[in-house]
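The following paragraphs lead the reader through a protein chain, from its overall form to individual residues. Please keep the sequence and the structure in view while reading.

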Amino acid sequence: QVQLVESGGGLVQPGGSLRLSCAASGTIFSMHDMGWYRQFPGKLRDLVATFTEDGSTNYADSVKDRFTISRDNTKRMVYLQMNSLKPDDTAVYYCHFRIRDYTSRIRDYWGQGTQVTVSS
């Protein structure tokens, strides 16, 4: 089975920075898309930043030039460096991996979510 474990959320003042980390473990034959999504109260989960299977990156317009996604495939980790944080960035952040797992099928996996609160 596959598990994703996130870390790095918390409370930060406007203009501050946080770095989120997500580690994948378990029986993983291959990793495909990976990235970060966020969910505001009462809203659907939205894309923040992702790596596509060809290695290119996609960012939500609202976070471009402030957030940076990176990864370490050997460690099966994905990161999100968040700078110049705004109160509007307050949300629960989820990591996502699309993985060929022990069933030999490609499936979507999600982390447990980590709260990011930007407030003075």
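What percentage of the 120 residues in the chain do buried residues make up? The answer, taken from a predicted model, is 40%. A residue is called buried here when its relative accessible area is under 20%.

Consider next the secondary structure. The chain contains 11 strands and zero helices, so that reading along the sequence gives β-β-β-β-β-β-β-β-β-β-β. The radius of gyration is 14 Å, close to the 14 Å that the globule rule gives for 120 residues, and the chain is therefore as compact as a globular protein of that length. Along the principal axes, the C-alpha atoms fill a box of roughly 45 × 25 × 25 Å.

How the parts of the sequence meet can be seen from the contacts. Of the contacts in the chain with a separation of 6 or more, 54% are between residues 24 or more positions apart.

The largest nonpolar core has 29 residues, and W36, L80, M82 and Y93 touch the most other members. At least two residues of this core are supplied by each of several strands, including β1 (2-7), β4 (28-39), β8 (77-82) and β11 (114-118). The largest share, five residues, comes from β9, a strand that spans residues 91-101.

The chain exposes about 6,400 Å², of which carbon and sulfur atoms supply 46%. There are 14 positive and 12 negative side chains, and the centres of these two sets lie 3 Å apart.

Two individual residues complete the picture. The residue M31 lies in strand β4.

The C-alpha atoms of G8 and Q115 are separated by 8.9 Å, although the two residues are 107 residues apart along the chain.

Note on methods. Residues are numbered from 1 along each chain as its sequence is written. This is a predicted model: local features need pLDDT of at least 70, side-chain atom pairs count only at pLDDT 80 or more; totals for chains, interfaces and linings use all residues. Side-chain values use heavy atoms; hydrogens and water are left out. A nonpolar core is a set of buried Ala, Val, Leu, Ile, Met, Phe, Trp, Tyr and Cys residues joined through side-chain atoms within 4.5 Å. Buried means under 20% relative accessible area, exposed over 50%, partly exposed in between (1.4 Å probe, protein chains only). Helices (H or I, at least four residues) and strands (E, at least two) are DSSP runs, numbered from the N terminus. The radius of gyration is taken over C-alpha atoms; the globule rule is 2.2 Å times the number of residues to the power 0.38. Contact means heavy atoms within 4.5 Å. Accessible areas come from the Shrake-Rupley method with a 1.4 Å probe; for residues, only the protein chains shown count as cover. Lys and Arg count as positive and Asp and Glu as negative; His and the chain ends are not counted. The place of a charge is taken as NZ of Lys, CZ of Arg, CG of Asp or CD of Glu.
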